[in-house]
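Please examine the sequence and the structure shown below. This report concerns aromatic rings, charges placed over rings, and backbone features.

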Amino acid sequence: MAGPAAAAGCAEPGFVTMSLLSFESICIVLLPQVLLALGIQEIHADQEMMGKISAAGQLMQCSASLDVLFLLDGSYSIGKGSFERSKHFAGKLCDALDIHPDRVRVGMIQFSSTPHLEFPLDSYLTKEEVKERIKRIVFRGGSTETGRALKYILRKGFPGGRNLSVPAVLIIISDGKSQGSTTIPAMQVKERRITVFAVGIKFPRWEELHMLASEPTEQHVLFAGDADDAANGLYSTLTSSACSATAPGCKVENHPCERRTLETVKELAGNYVCWKGSKQPNAVRASLCPFYRWKRVLIKHPSRCFRTVCPAPKLRLECGVDLLFLMDSSAGVTLEGFLRYKAFLKRFLQAVMGQDSPMNVGVAQYDNDVKMPIEVGQHKDAFSLMKSIDALNFSGGGTLTGRALQYIAQHGFRSTPVFADMQDDLPRVVVLLTDSKSQDPVAEAAKYARDRDLFLIGVGSRFMRAELTKVTGNPKQTIVYSDPQDLFNRIPELQRRICYVDNPEGCQAQSLDLAFALDASSGVGLENFLRLRSFVRSSCLHFSINRDVTQIALVIYGSKAHTAFALDTHTSNSDVLQAISQVPFFGDLASAGSALLHIYGDVMTVQKGARPGVNKVVVMLTNGDGMEDAAAPAQQLRDNGISVFVVVIGDARADVLLRVAGSPNYLVHVSSYEDLQYYQDLIIERICEEAKSPVNLCKPNPCMNQGVCILGPGSYRCECRGWEGPHCETRVLRGDSPRSLVLPLHSHVQQSSSGLQHFSRASQHTKRHVDQRH
């Protein structure tokens, strides 16, 4: 048999043939799919524009009444690997949606041979719940019956949806290789005013995706290979119809782009000798047969891509620090990971280093041993620093993070200050970059470093969170990323964490009325109650407690609430700390609703020392029991300008807690009472952010006895009926006429210490009058 003929495919029956894949086909099939996927869609824009598109990803949030249903291809043509990528993509899209019962609702159907409802739109009402449920979806497999899935939607509608009373969006994630007709059901879905996005996965058949998508197809066809880019595309299209306007400085632009897909094509390679059977017994004859080969080629589809672009954030460190990056160079992080850390380090320093940047930078790398290729303060200009970073080499040994931390604590900052007789007294910050579990203990070495006044920040992937928190000693100093690209999105967060060390006090000078609500129920238990009590004590050390700055109240609760001390009871830190040590444990059932109602009516009031024009915050510490009746009073507090933080320890129902907190930003979940101490800085920082927010002088109402608060420019006044005085505190005797007094802003808010002292005296005077009358 001739060599070429061995691979021939004969066109006529009766030929004796052998079939093999051609060499060209084998080469293409062996290419890693992930590398091919990178070329499936390409936006033709310069690096600056791509930076602006990436910057927009940090600001996107579609907040509107919207029903979003994902139709997820779970067929064998997708395969389990691409199905997992589809799930990841769906989770990324959820990041651009403001998921809330009154705003965006999300549901999901998986389809293959038959459609299967994974969860309806009314099952999970927070972003965290939806993303967690998506992770648990299991690949089903089967044929690709997209048409049958669309008919299911036509028949059933959006399960758990709001019956088209709000805009409906269908997001189909598929390779577009349906085994049945989709033309008619796709047209019928769009006729029902459902906006359809078609998102390609793997090597998609773009023609079918264009037929599935709404018009204009350029704005409704996306590619899931780059999740951040596709999320931007979805948001950009929804902004013009359903979502609120883009962030200031941002705009939607269209760019030429090219989409590609991998197709198998048949190609005539030539005619080769083959053998044909003969009518004569035991005889064959030679003939020429056409030889075809199959090869896989990328087919191009020119298009236009619509994306939101925002000005790239201009960062710089507004703080002075000695900064050392400790990079994992072990085999566990791999060469690819090490190169990624080098790129991240360069991009971070390019973003934050200016001509007059007040910081000294060094770089160390470690595996079994530690090297200091760039000493802290060695380079005084960005160019030479970048050149030295480029020269760093991967070593690939073991992962001894504990040993590296010990070494850095002893030798990492020996080069600063440059001159021995000069002390710069800059805080010393170590940023650990690792994606590999340590092969030696880290806790003791990290504590040794922290005890030597090193501020540790850990950066790694999500599965490293627990170990990094052991290193930093504080979850707020742990930065995790979800995928390699997400690492670069953490640059602004790292900048904030580095500068936090230079301003740790947060809100020592901010006026604040702060109330702690402490769960003293049997569910918490005496031992854990003492831990909560100790946590409140240490938290109070972060505030300057007096009449002019911070006032603190403490409420403990079981089935009933009790004020341990009111806002105006204690005027110094030492008095507050002593009072906290004396609060008792109740040990009965918990009613968080009773505690919040008590705070609303008996703590955050002018009669009990609350100051108009001063921000008010409630921090509830609980194990999550007895929260069912707390949502309404918590909302009542928020409606009156009082922020409510819920700190829950242990397992509890997330949906109930979220309704009480009102937003994930006001809910802190701690796994155990032992870990509570690590969350203290995070909680204090959030309280301090609230202390700096704008304030409404009439919220909560400073007027007593049903007086009406009238807001004026920089002041308020109380309109009284049957009462008189600044806050309607004095009953009008027969023959007198009610009066209202305008209170200027400076008499009771943080404009000056003398003004605050005047208000404090006035409120005490008011209390004495009320007590005398009653």
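The sections below treat these topics in turn.

## Aromatic pairs

The model is predicted. A pair of aromatic rings is described by the distance of the centres and the angle of the planes. The count of aromatic pairs in this structure comes to 10.

One of these pairs is formed by tyrosine 76 and phenylalanine 139, whose ring centres are 6.3 Å apart. Their planes stand at 70 degrees, and since an angle over 60 degrees counts as edge-to-face, the pair of tyrosine 76 and phenylalanine 139 is edge-to-face. The two residues belong to distant parts of the chain, 63 residues apart. Tyrosine 76 is in the loop between β2 (66-73) and α4 (79-95), while phenylalanine 139 is in the loop between α5 (127-135) and α6 (146-156). Tyrosine 76 is exposed, with 60% relative accessibility, whereas phenylalanine 139 is buried at 18%. Ring pairs also join Tyr76, Phe83 and Phe139 into a cluster.

## A tilted pair

The rings of phenylalanine 529 and phenylalanine 585 have centres 5.5 Å apart, and their planes are at 45 degrees, so this pair is tilted.

Phenylalanine 529 is buried, because its relative accessibility is 1% and buried means under 20%. Phenylalanine 585 has a relative accessible area of 28% and is partly exposed.

## Charges over rings

The charged end of lysine 266 is placed over the ring of tyrosine 292, at 4.4 Å from the ring centre. Arginine 686 lies over the face of tyrosine 666, and the distance to the ring centre is 5.2 Å.

## Backbone features

Cis peptide bonds include the one from glutamate 215 to proline 216, with omega near -10 degrees. Proline 216 is in the loop between α8 (206-212) and α9 (217-220). The bond from lysine 699 to proline 700 is also cis, with omega near -5 degrees. Proline 700 is in the loop between α23 (680-691) and β22 (708-712).

Aspartate 453 is not a glycine, yet its phi is positive, at about 65 degrees. This aspartate 453 is in the loop between α14 (443-451) and β14 (454-461), and at 65% relative accessibility it is exposed. Asparagine 705 likewise has a positive phi, near 55 degrees. Asparagine 705 is in the loop between α23 and β22 and is partly exposed, at 30% relative accessibility.

Terms used: Residues numbered from 1 in each chain as written. Predicted model: local features only at pLDDT ≥ 70, side-chain atom pairs only at ≥ 80, totals over all residues. Heavy atoms only, no water. Phe/Tyr/Trp six-rings, centres within 6.5 Å; stacked < 30°, edge-to-face > 60°. Helix = DSSP H or I, 4+ residues; strand = E, 2+ residues; numbered from the N terminus. Buried < 20%, exposed > 50% of the residue type's maximum accessible area, 1.4 Å probe, protein only. Lys NZ or Arg CZ within 6 Å of the ring centre and 35° of its normal.
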